[in-house]
Structure formats: structure tokens, C-alpha cells
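These are my notebook entries from going through one model. I wrote each entry after looking up one region or one kind of feature.

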Amino acid sequence: MDNLLQCMKIVGDDTIQRTQLKHRLQLVKAFEIEKGMKVLEIGCGQGDTTVALADAVGEHGHILAIDIAPRNYGEPVTLGEATDTIKQSALGERITFQFETDFLNLELSESYDVVVLSHCSWYFKNPDMLLHYFKKIKTLAKRICFAEWDLDYTLIPQRAHFCAANILALYAAFYEDDGNIQNLFHKTQIKHLLIDAGFTMAHEQTVDATYLQDGGWEIDFANYVLEQFKQTPTPIHTLVQSFAHLMNDQTTGILSLNSFVISAHS
């Protein structure tokens, strides 16, 4: 892991990056990525999963990593700054980054062994767009690997993260926010969309993510926006207040939701 951390831009204490990278390595293991594979990663962000994928495909593999966001998106390190550092590392030759890239309008002349969407589906504003992505992916790749937060939480300390995610999805719906959560997809919905796109389910598993910092970050932001819900219709305000009570009345330590992984064949 230390070698992979050196490929990434670290600001100050690397504890957060180390924790995040540990999870990405677990996801890539669940994806069953092999040496020499050509992988298309959609929604690469700052390249956390990209680095793990590049390590897995080895020197004869390649990753095309795309994101619809611009290079100057993100903080405290932008997408451009983070991925420039990765490109200058030992793994750089295995990766091609493309930003401000709409996958549905992207012309690709080659096929891929795997297309990966890792923790990016909640950015999608509606299920139809995700279905369009899946349909195009089916024409390009032998297999799709999909990872996202698992709404089926099994531990009470994960409830606060679940509530925060719901609050932030409602916030995006009422205030046209461009935040990380636009839509919450349950894994059953994802499976139905994949089947509708013509895929055949191959593998599903849960990957432990309870130790990640994301739950705490999203709870903090959910509390930050709570006041604005006073302007929403009474039923929505009441619903959000209920989520907030469940989120903030938690007496045990906060745990993040787990991740689910689904692999499907075209």
C-alpha cells in the first residue's frame, strides 16, 4: 500500500488516504481484475480506485479513467492536481485520464475487458440515465463491475450514515444542489437496471466499509443543510426532521455503510 500511496497526492497526514485506499483495494479484489486487462473506469474522481485498478492490471494492462467533472473540481486537492501526480508516478503509463467527458457522447473504437463504476451512481440524477450508461457499456465490454454504498445497513451505528444520505438526496431534489448525492439506488434497483440493459448477473458480495470516514463527513454536511428544509413543504420538513433525530440521537459510535459489489456479464 505504501508504494501506491506514493503514486497519489497526499496533503498533510496520509491517514485518510491510507484508509480510503485500503477500501479501494478490497473493491478491486472483489472485481476480480486480472493482469493484462483493459479497463474503462467511469466516474474516476481523484483516482483513488484508478490507482488500485492500475496496480491490479500490471504493466501490460491499461485503464481509461473518465469523469464528467472538470479538472478544477474537488478540494482540498482538485481532480487535476491529484491525477497529474498519479500520471507522474510509476503507474502513470498504465492510465489515461479524461475529464469533462460525457460517457454517452464518448466515441470509443475499442472494446474493454471490464467497465468499472465505483461509488459514482449516487451522482446520477435519475435511473434512466444510469440505464442508458448500462446499455452502452454492454456494447463495449465483456463484463461490468459496480460498487456503491449498501442501504441495507445491518448495524445500528450505520443508521446515522443512512439517514444523512437520505437527507442529502432530498436536499439535492429541492435545492438543485450539485453535491455528491443526487439519487439513492438500492442494490435491487441496480440489478434490475442491469438486467433491463441485457446483462446477466454473475457475482454479488458485501465489502466492509464501516471504518471509512465518509459516514461522518456526510452527517456533518446533512446537519449543515438542515435549516434550509424549513422552506420545503411541511411533509418533507417533517420527514427530514425525523431522519435528523435518528441521525443525531445515535448514542454509539458512527460507522459508515458497507459497500456492495455486483459483477455482471454482457
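Predicted model: local features only at pLDDT ≥ 70, side-chain atom pairs only at ≥ 80, totals over all residues.

Entry 1, cores. I began with the largest nonpolar core, which has 55 residues, and I noted I42, L117, W122, F134, I137, I167 and I190 as those with the most contacts inside it. A nonpolar core is here a set of buried Ala, Val, Leu, Ile, Met, Phe, Trp, Tyr and Cys residues joined through side-chain atoms within 4.5 Å, where buried means under 20% relative accessible area, exposed means over 50% and partly exposed lies in between, with a 1.4 Å probe and protein chains only. Helix α6 (residues 159–175) gives the most to this core, namely nine residues. I also found a second, separate core of 29 residues, whose members include V28, L91, V116 and V261. In soluble globular proteins, nonpolar side chains tend to be buried together.

For I137 I listed the contacts (heavy atoms within 4.5 Å), and, leaving aside neighbours within four places in sequence, I137 touches I42, F103, V115, L117, I144 and F199.

Residues are numbered from 1 along each chain as its sequence is written, and side-chain values use heavy atoms, with hydrogens and water left out.

Helices (H or I, at least four residues) and strands (E, at least two) are DSSP runs, numbered from the N terminus. Because eight of the nine residues of β5 (residues 141–149) are buried, I noted this strand as largely enclosed by the rest of the structure. I then looked up its partners, counting two strands as paired if DSSP finds at least two bridges between them. Strand β4 (residues 112–118) pairs with β5 in the parallel sense over six bridges, and β5 pairs with strand β7 (residues 259–265) in the antiparallel sense over seven bridges.

The path from β4 through helix α5 (residues 127–140) to β5 is a right-handed β-α-β unit; right-handed means that, with the strands pointing away from the viewer, the path from the first strand over the helix to the second runs clockwise.

S118 lies in β4 and counts as buried, with a relative accessibility of 7%. Apart from neighbours within four places in sequence, S118 is in contact with L27, F31, I42, T49 and A147.

With 17 residues at 1.5 Å a residue, α2 (residues 15–31) should span 24 Å, and its end C-alpha atoms are 25 Å apart, which agrees; the expected span is 1.5 Å times one less than the number of residues. The buried residues that I noted in α2 are Q17, T19, Q20, L21, H23, R24, L27, V28, A30 and F31. Just after this helix comes E32, with a positive phi of about 60°. E32 sits in the loop between α2 and β1 (38–42) and is partly exposed, with a relative accessible area of 49%.

The buried set is D48, T49, T50, V51, A52, L53, A54, A56 and V57. Just after α3, G58 takes a positive phi of about 75°.

C145 is in no disulfide, and the nearest cysteine sulfur, that of C120, is 13 Å away. C145 counts as buried at 0% relative accessibility, and C163 counts as buried at 1%.

I placed I254 in the loop between α9 (234–248) and β7, where I254 is partly exposed at a relative accessible area of 44%. The C-alpha atoms of I254 and G216 are separated by 6.9 Å, although these residues are 38 residues apart along the chain. Leaving aside neighbours within four places in sequence, the contacts of I254 are P157, G215, G216 and I219.

Methods. Disulfide = S-S within 2.5 Å.
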